[in-house]
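Hi,

Here is the structure I promised to pass on. Please open it first, then read my notes below.

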Amino acid sequence: MSADEANPAATPTACEDIHGDGRWMSMHERFVSDGKGKEPEVVFVGDSLVQLMHQFGIWRELFSPLHSLNFGIGGDATQHVLWRLTNGELDNISPKVLVLWVGTNNHGHTAEQVFGGIMAIVQVVKNKLPQAHTLVLGLLPRGKMPNPLREKNANVNKLVQEAVSSLPYASFLNLDPGFVSNNGCISHQDMYDYLHLTPKGYQAVCAPLHEHIKSLLEKPLAH
């Protein structure tokens, strides 16, 4: 696995405390603690797109009834999620489905490195939760107009989709309902800053996600 060792996106890394208030570590510790008292069927892990989902009515409406926990932290990249999952967040729970949505914040990494980071997370989940199914969500397009980050996210999605297609314990789901219009623009009505979703944007991605998760929960556990 020397290729992974050289890949910063696949190297577990605690988030630097740039705010000086320890917020990232305190959130991680809260997630570890949450796992001790709850028995979730579904766990969401990722960055701000996961974290903010929790603050909209869509979470209470669609995902709370599925006994879901939200382990999203704004700003996280793959290496941060990798650190969190290898340091206790999965140790006291046994969900049937783990939903992973991360990678759009890996600004300094290539599509191949981000792909390596996502696959490293999938492997950690498999090792720690052998009976769980990992649902990897595709990275959404971003930016008002076509740009290199959009291209990179699309390339990450292609690599991940191909890699997980042969894994019995993981799958890939593209949630983009068509946020990019014919002229190449993304509407601020879907993404208010061309990255984070509006309530309307969340509705568009969460309705099909909810149906997909329900179908996974109805399947027998992996072995």
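**Aromatic rings and a pocket**

Phe 44, Trp 59 and Phe 63 make up one aromatic cluster. Keep in mind that this is a predicted model.

The ring centres of Phe 44 and Trp 59 are 5.0 Å apart. Their planes meet at 65 degrees, and edge-to-face means over 60, so this pair is edge-to-face. Phe 44 sits in strand β1 (residues 42-46), and Trp 59 sits in helix α4 (residues 57-63). The pair therefore ties together parts that are 15 residues apart in sequence. Both Phe 44 and Trp 59 are buried.

Now the wider count. There are six aromatic pairs. One of them is Trp 24 with Trp 83, whose ring centres lie 5.5 Å apart. Their planes are at 50 degrees, so this pair is tilted. Trp 24 belongs to helix α2 and Trp 83 to helix α5 (residues 78-86). The two are 59 residues apart, and the pair links distant parts of the chain. Trp 24 and Trp 83 are both buried.

Next, the largest pocket. Its volume is about 330 Å³. It is lined by 15 residues. Closest to its centre are Cys 15, Glu 16, Ile 18, His 19 and Gly 74. Which helix gives the largest share of the lining? Helix α2 (residues 23-37) does, with four residues. By type, the lining has six nonpolar, five polar and four charged residues.

Best wishes

Definitions and conventions. Residues are numbered from 1 along each chain as its sequence is written. This is a predicted model: local features need pLDDT of at least 70, side-chain atom pairs count only at pLDDT 80 or more; totals for chains, interfaces and linings use all residues. Side-chain values use heavy atoms; hydrogens and water are left out. On a 1 Å grid over the protein atoms alone, a cavity is a set of points where a 1.4 Å probe fits but cannot get out, and a pocket is an open set with protein on both sides within 12 Å along at least five of seven lines; lining residues have an atom within 4 Å of a point. Grid points are joined across faces, edges and corners, and a volume is the space filled by probe spheres set on the points. Ala, Val, Leu, Ile, Met, Phe, Trp, Tyr, Cys and Pro count as nonpolar, Asp, Glu, Lys and Arg as charged, and the others, Gly among them, as polar. Rings of Phe, Tyr and Trp (its six-membered ring) pair if their centres lie within 6.5 Å; planes under 30 degrees apart count as stacked, over 60 as edge-to-face and the rest as tilted. Buried means under 20% relative accessible area, exposed over 50%, partly exposed in between (1.4 Å probe, protein chains only).
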